[in-house]
Amino acid sequence: MGSDFYVSVGQRTQFTKTVGESDVYLFAGITGDFSPNHVNQVYMERSSFGTRMVHGALLVGFMSTVSSMAIAHTRDAPETPVSAGYDRIRFIKPVLLGDTVTVTYTIAAIDRDRRRSTADLEVCNQRGELVAVGHHILQWVSADVPGPRGAP
């Protein structure tokens, strides 16, 4: 394992995507979240936003994407990184259909005793405006530890 663990404090990874109408409708179909905020243009034209907005949970999905990218180089490591959760997620500004978001994942701390790494997440739109933030915890699990119900 060495002194540098599998990831290093300050390590940054980014994921960028333009969020289109198909992304929102596919996500709504998968989750069942057909709130008019996301799928009803006429309804949202009456709001102060003036148009539909992207699901916050879809942004969390993008956070998961960038976390997987950040650890892709560790696939042959003797421990497996698994998500232990997301904390302090905040949606600061709406993301509208057609916006391009960049999710930045920065390793903030490593706890060798607890076998955890934590990261700060920031999501910005194409104007550089911060639209969402969060904190991610990865648990590094030994390959020697059996899976659920004794599975290898």
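This report walks through a predicted protein model, from its overall build down to a few individual side chains.

## The big picture

Let's start with the parts list. The protein has 4 helices and 5 strands. Read from the N terminus, the elements go β-α-α-α-α-β-β-β-β. Its C-alpha atoms fill a box of roughly 55 × 35 × 25 Å along the principal axes.

Now for how the chain folds back on itself. Take the contacts between residues with a separation of 6 or more: 68% of them join residues 24 or more positions apart. Of the 152 residues, 34% count as buried. The accessible surface is about 8,400 Å², and carbon and sulfur atoms make up 53% of that.

Helix 1 covers residues 21-31. Which of its residues are buried? They are D23, V24, F27 and A28.

What does the buried side pack against? Its partners are strand 1, helix 2 (36-39) and helix 4. On the face turned away from that side sit L26 and I30, and these residues are exposed.

## Helix 4 and its cover

Helix 4 runs over residues 56-70, which makes 15 residues. From first C-alpha to last it reaches 21 Å, close to the 21 Å expected at 1.5 Å a residue.

Its buried residues are G56, L58, L59, F62, M63, V66, S67 and A70. What covers them? The cover includes strand 1 (12-18), helix 1, strand 2 (79-91), strand 3 (100-111), strand 4 and strand 5 (130-142).

## Aromatic pairs

The model has 4 aromatic pairs. One of them is F5 with W140, an edge-to-face pair with ring centres 5.5 Å apart and 75 degrees between the planes. F5 lies in the segment before strand 1 and W140 lies in strand 5, so this pair ties together parts that are 135 residues apart in sequence. Both F5 and W140 are buried.

Next, look at F15 and F62. Their ring centres are 5.7 Å apart and their planes sit at 50 degrees, so the pair is tilted. Because F15 belongs to strand 1 and F62 to helix 4, the pair links parts that are 47 residues apart in sequence. F15 and F62 are both buried too. Back at W140, there's also a group to spot: F5, Y6 and W140 form one aromatic cluster.

## Zooming in on S117

S117 is found in strand 4, which spans residues 116-124. Is S117 buried or exposed? The cut-off for buried is under 20% relative accessible area. S117 has a relative accessible area of 0%, so it counts as buried.

Which side chain does the side chain of S117 meet in a polar contact? The partner is W140, at 3.0 Å. Leaving out residues up to four places away in sequence, S117 touches F5, V7, A109, I110, H136, I137, L138 and W140. Notice that F5 and W140 are on that list; they are also the two members of the edge-to-face pair.

Terms used: Residues are numbered from 1 along each chain as its sequence is written. This is a predicted model: local features need pLDDT of at least 70, side-chain atom pairs count only at pLDDT 80 or more; totals for chains, interfaces and linings use all residues. Side-chain values use heavy atoms; hydrogens and water are left out. Helices (H or I, at least four residues) and strands (E, at least two) are DSSP runs, numbered from the N terminus. Buried means under 20% relative accessible area, exposed over 50%, partly exposed in between (1.4 Å probe, protein chains only). A polar contact is a pair of N or O atoms within 3.5 Å; within protein, one must be able to donate a hydrogen and the other to accept it, and residues adjacent in sequence count only if both atoms are side-chain atoms. Contact means heavy atoms within 4.5 Å. The expected span of a helix is 1.5 Å times one less than its number of residues. Rings of Phe, Tyr and Trp (its six-membered ring) pair if their centres lie within 6.5 Å; planes under 30 degrees apart count as stacked, over 60 as edge-to-face and the rest as tilted. Accessible areas come from the Shrake-Rupley method with a 1.4 Å probe; for residues, only the protein chains shown count as cover.
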